[in-house]
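This report goes through selected features of secondary structure packing, strand pairing and covalent cross-linking. The structure comes first, followed by short sections on each topic.

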Amino acid sequence: GITYLDHAGSALFPESLLKAFTDDLRNNVYGNPHSQNISSKLTYDTIEHVRYRILQHFHTTAEDYTIIFTSGCTAALKLVAEAFPWIPEGTKQPSSRFCYLTDSHTSVVGIRGITASMNVLSVPIKPKEILLSEENRLPAEEQNCTTPHLFSYPAQSNFSGTKYPLSWIQDIKSGKLRPIKIPGKWFVLLDAASYVSSSPLDLGVHQADFIPISFYKIFGFPTGLGALLVNNQIAPLLRKTYFGGGTAAAYLAGENFYFPRKSIAERFEDGTVSFLDIIALKHGFDVLEKLTGGMEKIKQHTFALAHYTYTVLSALKYANGAPVVRIYSDTDFSNPDVQGPIINFNVLDENGEVIGFSEVDKMASLYNIHVRTGCFCNTGACQIHLGISNEDIQRNLQAGHVCGDDIDLVDGRPTGSVRISFGYMSSFEDAQTFLKFIIATRLSKSDTEIPLQSSITKLTTESVPDDHPSFNNADKLSPIPHIWDRELRNNSSVTKTTVNWQPPEAEAESIRAAVSETAVPTCRRGGKPITVTNIYLYPIKSCSAFEVTEWPVGNQGLLYDRNWMVVNQNGVCMTQKQEPRLCLVNPSIDLEQKIMVIQAEGMDPISVLLEENTGNETVICESKVCSHRVKTYDCGEGIAGWFSLFLGRPCRLIRQSSDMKNRSYQKNTKGLASATNISLSLVNEAQYLLINVASILQLKEHISAR
């Protein structure tokens, strides 16, 4: 039921990969590769086989490249920064430069932190600034300079999917292209993490000096493993300061003597490599080949999906002709050699104003569509495409916005965008589901979806013309069925409707009766008071509501509201998003007997004491609710068994511990600089939630219509 569209974030692993890997582990004993026994030799030989398999995947051999295993692409980049033979400022020789494309991942830009500490200058280069050396020719006496410089660029932008020319590698190394006018020898760091997940890379043709990769981007599993592919021509020049286990041919503990191992890989792989994860890679390559037929087929498949989605998405218009989305792209998605399977965009309203990415993300979650939002650890591309200045970034930080939060608009301007990306297991249905979601939430309206309001307001919806949404451009795609667009065209026509809603008489009467005369607040605009009609609390987070007519208020809102929560076997909070059956669990609180009774169909009721268990044997553990830290304790085996039986999976009931009841955290309201300290229970962000009766009635009507 999930539509997963964040393959640029991580691929998903196939079941056959896990099975092949676990079968391998069951049938073989793999020891530490630094030992000499039989199981260790098996591990060592298997790792060497995997190294060859990786080189084969990238169309190269051990004569040209060395594989250094790391914990991921970021660690590989850090290794380059630390080991590159930089020449600092202030020596007799001309000094080194580190140049990087502004459309680079944070982990590439972060190299300048290391170069700065070595007194080496960093120079950011915009994609359009790479100059032909004809315009940048050096005097003859400077052409023999050997000062090493490093230029880094991504094979594919993780922001927009733009593929930068692999021909740059040879052009820069040969001097035909120069990032900046300076004498010396250029080396190229090709950030291939995003590129290799869906495209073939031929290192026999495009011989970059350093290629960092992360394997989870290709296979989905294992996750804590990457590699640095090093061109053997530069390998002898690399310098190393720290030496860990397995890297020394010999050293003395009592004197400053150390002699490194001959093999470049062993010299740079400090400590024991993640050998079981490396063995999993063998199965990753086998399964990928078996399921897809190779990287060229993956490239064509994923591009076809991106091309189709882009074509339809870019053609969507509101009734007034305004576009539904603004796509951030450097290409028109016509060629898989210059565009990868990534679409980056923001949703707009009828007036062309951006709808914040958090809003879009929350709506997508309701449709079980998984997208990525924000700036994707690529501030440079984000600034270029969204027109965010350096001053804006600093102002947004002062306004409380940091990378990765959900502050999506500051002063009405977007701080980031929405990204969808396809992988080899993505299907045409995934693309359709996403497009239907955009159309359903932005365009199509039917009688059941018109917001119902009370008799105070008359609501009119404008009609949407028949010829809309427009799919004309999509017709160019011959291999893709067209039934869907016709179906949508027919459904998108809506007649002009005026709704004048009255609550059913009996219901209206009970609502009025529930409002006492003294409770009516001072009148506001239109003279209509706001009145509370019902009070519900949710003792167990994400379970059913408990309705009351009056209730004590504690220092965290309604007493006992969201004091308990159900967690999975890893201690992670379970909500109805992952486990819809939680809504069938009915907790009720008896204040006189000081118990909470929990009921569910087909189960015997079970009760929990309201008095907190403060005994010495109580183990307080830390949990997280919406990224906020909370202290909790377990409610015991009996209730854990009850929930596990009902939900059909291992889980436990935990309760917030009172020694953390003063959990206060600062949360910046969008656009406001001031923040307040609030004491919260196990809620996502607020003690109280107010919902309009009209909204509830509309939802009821919408559900019954379905």
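## Helix packing

Helix 1 and helix 9 are oblique to each other. The model is a predicted one, and the values in this report are computed from it. Helix 1 covers residues 15–27 and helix 9 covers residues 275–292; their axes come within 9 Å and cross at roughly 140°. The crossing of the two helices is right-handed.

On the side of helix 1, the contact is made by Ser-16, Leu-17, Ala-20, Phe-21, Asp-24 and Leu-25. Helix 9 contributes Leu-276, Ile-279, Ala-280, His-283, Gly-284, Val-287 and Leu-291. Sorted by class, the contact of helix 1 with helix 9 has nine nonpolar residues, three polar ones and one charged residue.

## A hairpin of two strands

Strand 11, residues 248–252, pairs with strand 12, residues 257–260. The pairing is antiparallel and runs over four bridges. A hairpin through four residues joins strand 11 to strand 12. Within this pair, Tyr-251 stands opposite Tyr-258 of strand 12.

In general, strands of a sheet pair through backbone hydrogen bonds, in either a parallel or an antiparallel arrangement.

An open sheet is formed by three strands in the order 28-29-30, with antiparallel pairing. Its edge strands are strand 28 (586–590) and strand 30 (606–609), each of which pairs on one side only. From one strand to the next, the twist averages 25°.

Strand 28 and strand 29, the latter spanning residues 595–599, pair in the antiparallel sense over five bridges. Asn-586 has Gln-599 in strand 29 as its bridge partner. As a general point, the side chains of a regular strand alternate between the two faces of the sheet.

## The disulfide

How many disulfides does the structure hold? The structure holds one. This disulfide is formed by Cys-375 and Cys-382, with their sulfur atoms 2.0 Å apart. The angle about the S-S bond is -70°, and the link of Cys-375 and Cys-382 is left-handed.

In general terms, a disulfide is a covalent bond between the sulfur atoms of two cysteines.

Technical notes
Residues numbered from 1 in each chain as written. Predicted model: local features only at pLDDT ≥ 70, side-chain atom pairs only at ≥ 80, totals over all residues. Heavy atoms only, no water. Pairing = 2+ DSSP bridges. Axes fitted to C-alpha atoms, helices over the stretch in contact; angles between N-to-C directions. Parallel < 35°, antiparallel > 145°, perpendicular 65-115°, else oblique. Left-handed = near helix turned anticlockwise from the far one by under 90°. Contact = heavy atoms within 4.5 Å. Nonpolar A, V, L, I, M, F, W, Y, C, P; charged D, E, K, R; others polar. Disulfide = S-S within 2.5 Å.
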